[in-house]
Amino acid sequence: MSSLERRLDRLTKLVQHLTDQSRRGTPIIVEGRRDEGSLRELGIEGPILCLKAQGKSFFEFLDGICSNRKVIVLTDFDIEGKKLAKMLVKELSKRRIKADDYIWKQVGALVRQDIHTVQELGSCIEGMQRRVRTSKEDDRERGRSKKLYV
């Protein structure tokens with residue numbers, strides 16, 4: 001298994017874990033509507049809370065989610081998203097809400113070199129799948145070529 005295949009496999013498992021958590025009702029916090037749309041395209045059907053799309057201040061947004069005991073933080077993978085994730089974890093913890101940033105950290109480590117936003121996640125996965133398919137097809141072609149020359 002190539003390193004690309006391992007990355008894709010790990011990323012797919014993380015998205016599945018995110019989907020499972022969402023199905024159980026755990027809200028996912030993203031920055032904007034496009035991030036939400038990307039997650040919906042990946043099959044996530046549960047509650048997604050858009051931090052910047054509600055026209056509220058950061059603290060008004062936090063006040064609106066106090067009824068939850070756990071949320072998943074999935075901000076962008078750039079510098080601003082990193083700062084925002086840290087602020088969310090800190091402020092939600094003060095309010096006794098478990099802010100789970102595990103998936104964000106893991107996905108970020110896998111895709112940070114390729115993308116910077118959550119909205120790019122679907123196209124990143126598709127691109128990785130395409131590269132894996134192409135690589136396997138190339139390997140098969142090389143195998144056939146070697147047999148012709150033997």
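Predicted model: local features only at pLDDT ≥ 70, side-chain atom pairs only at ≥ 80, totals over all residues.
## The cavity inside

Rolling a probe the size of a water molecule over the atoms shows where empty space is left. Here the count comes to 1 cavity of 30 Å³ or more, and the largest cavity has a volume of about 30 Å³. Two elements give two or more residues to its lining: helix H1 (3-23) and helix H5 (102-111).

Who lines the largest cavity? You'll find Val15, Leu18, Leu39, Leu42, Leu74, Ile103, Val107 and Leu121 there. By class, that makes 8 nonpolar residues in the lining, with no polar and no charged ones.

## Salt bridges

Side chains of opposite charge can pair when their charged atoms come close. In this model the count comes to 11 salt bridges. One of them joins Asp114 and Arg7, at 2.5 Å from N to O. This pair links distant parts of the chain, 107 residues apart: Asp114 sits in the loop between H5 and helix H6 (121-149), while Arg7 belongs to helix H1. Asp114 is partly exposed at 35% relative accessibility, whereas Arg7, at 18%, counts as buried.

Other pairs stay within a single helix. Asp20 and Arg23 are both in helix H1, 3 residues apart, or about one turn of the helix. Their closest N and O atoms are 3.6 Å apart, and they form a salt bridge. Asp20 is partly exposed, with a relative accessible area of 26%, and Arg23 counts as exposed at 56%.

In helix H2, Glu36 and Arg33 are separated by about one helical turn because they are 3 residues apart. Their side chains meet in a salt bridge of 3.0 Å, N to O. Glu36 has a relative accessible area of 16%, so it is buried. Elsewhere, salt bridges that share partners join Glu31, Lys52 and Glu80 into one network.

## A buried charge and its neighbour

Now look at the loop between strand E3 (70-73) and helix H4 (79-94), where Asp76 is found.

With a relative accessible area of 5%, Phe77 is buried.

## An exposed arginine

Arg34 has its place in helix H2 (residues 33-41). Is Arg34 buried or exposed? At 65% relative accessibility, Arg34 counts as exposed.

Note on methods: Residues numbered from 1 in each chain as written. Heavy atoms only, no water. 1 Å grid on protein atoms, 1.4 Å probe; cavity = no way out; pocket = protein on both sides within 12 Å on 5 of 7 lines; lining within 4 Å. Points joined across faces, edges and corners; volume = space filled by probe spheres on them. Helix = DSSP H or I, 4+ residues; strand = E, 2+ residues; numbered from the N terminus. Nonpolar A, V, L, I, M, F, W, Y, C, P; charged D, E, K, R; others polar. Buried < 20%, exposed > 50% of the residue type's maximum accessible area, 1.4 Å probe, protein only. Salt bridge = Lys/Arg side-chain N within 4 Å of Asp/Glu carboxyl O.
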